[in-house]
Amino acid sequence: QVQLVESGGGLVQPGGSLRLSCAASGFPFNYVTMTWYRQAPGKERELVATITGTGVTTNYADAVKGRFTISRNNAENTVYLQMNSLKPEDTDVYYCKAAMFSVWGQGTQVTVSS
């Protein structure tokens, strides 16, 4: 079955960096668009970044453009989110999702605070 396991979150100071990972299994990873989302308590889940199966095309939410970079390693069935210049408003639980599947992982908490 489809499984998604996010990791790499933590507590970081404003201006710092984190790299999130999402290990995927149970589907043909290299053919599937992957997306990072984030969600704060009581708020809607919002799209952060998307990458196509080949990794050629990426898209970002305006709030993270120029600071976050999505990438993937199809040999390892893993998608990454490199987050630089973090701001307190980036504090959220981050999730990855595979297109066409309704499965969500457990998410990874990112907290940006001094």
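**Core, disulfide and sheets of the predicted model**

Val 79 touches Leu 20, Ser 21, Cys 22, Phe 29, Met 34, Trp 36, Ile 51, Ile 70, Ser 71, Arg 72 and Cys 96, leaving aside residues up to four places away in sequence. The structure is a predicted model. Val 79 also belongs to the largest nonpolar core, which has 27 residues. Within this core, the residues with the most contacts are Phe 27, Met 34, Trp 36, Val 79, Leu 81, Met 83 and Tyr 94. Seven elements are listed as giving two or more residues to the core: β3, β4 (34-39), β5 (46-51), β7 (68-73), β8 (78-83), β9 and β10 (108-112). Strand β3 gives the most, with four residues.

Cys 22 lies in strand β3 (residues 18-25) and Cys 96 in strand β9 (residues 92-98), so the bond ties together parts that are 74 residues apart in sequence. The torsion about the S-S bond is about 50 degrees, so the disulfide is right-handed. Cys 22 is buried, and Cys 96 is buried as well.

The strands were then examined by sheet. Four of them form an open sheet in the order β1-β3-β8-β7, with antiparallel pairing. Strands β1 (3-7) and β7 stand at the edges, each with a single partner strand, so one side of each is left without a neighbour in the sheet. From one strand to the next, the twist averages 15 degrees. Strands β7 and β8 run antiparallel and are joined by six bridges. Thr 69 stands opposite Gln 82 in β8.

A further open sheet holds six strands, in the order β2-β10-β9-β4-β5-β6. Its pairing is mixed. The edge strands here are β2 (10-12) and β6 (58-60), and each pairs on one side only. Neighbouring strands of this sheet are turned by 25 degrees against each other on average, direction ignored. Five bridges join β4 to β5, and these two strands run antiparallel. Arg 38 stands opposite Glu 46 in β5.

Strand β3, which carries Cys 22, belongs to the four-stranded sheet. Strand β9, which carries Cys 96, belongs to the six-stranded sheet. The core also draws on both sheets: among its contributing elements are β3, β7 and β8, found in the four-stranded sheet. Strands β4, β5, β9 and β10 contribute too, and these are found in the six-stranded sheet.

Backbone geometry was also examined in two loops. Asn 77 lies in the loop between β7 and β8. Its phi is near 50 degrees, a positive value in a residue other than glycine. Asn 77 is partly exposed, with a relative accessible area of 25%. Ser 85 is placed in the loop between β8 and β9. Ser 85 has a positive phi of about 50 degrees, although it is not a glycine. At 41% relative accessibility, Ser 85 counts as partly exposed.

How values were computed
Residues numbered from 1 in each chain as written. Predicted model: local features only at pLDDT ≥ 70, side-chain atom pairs only at ≥ 80, totals over all residues. Heavy atoms only, no water. Disulfide = S-S within 2.5 Å. Buried < 20%, exposed > 50% of the residue type's maximum accessible area, 1.4 Å probe, protein only. Core = buried A, V, L, I, M, F, W, Y, C linked by side-chain atoms within 4.5 Å. Contact = heavy atoms within 4.5 Å. Pairing = 2+ DSSP bridges. Axes fitted to C-alpha atoms, helices over the stretch in contact; angles between N-to-C directions.
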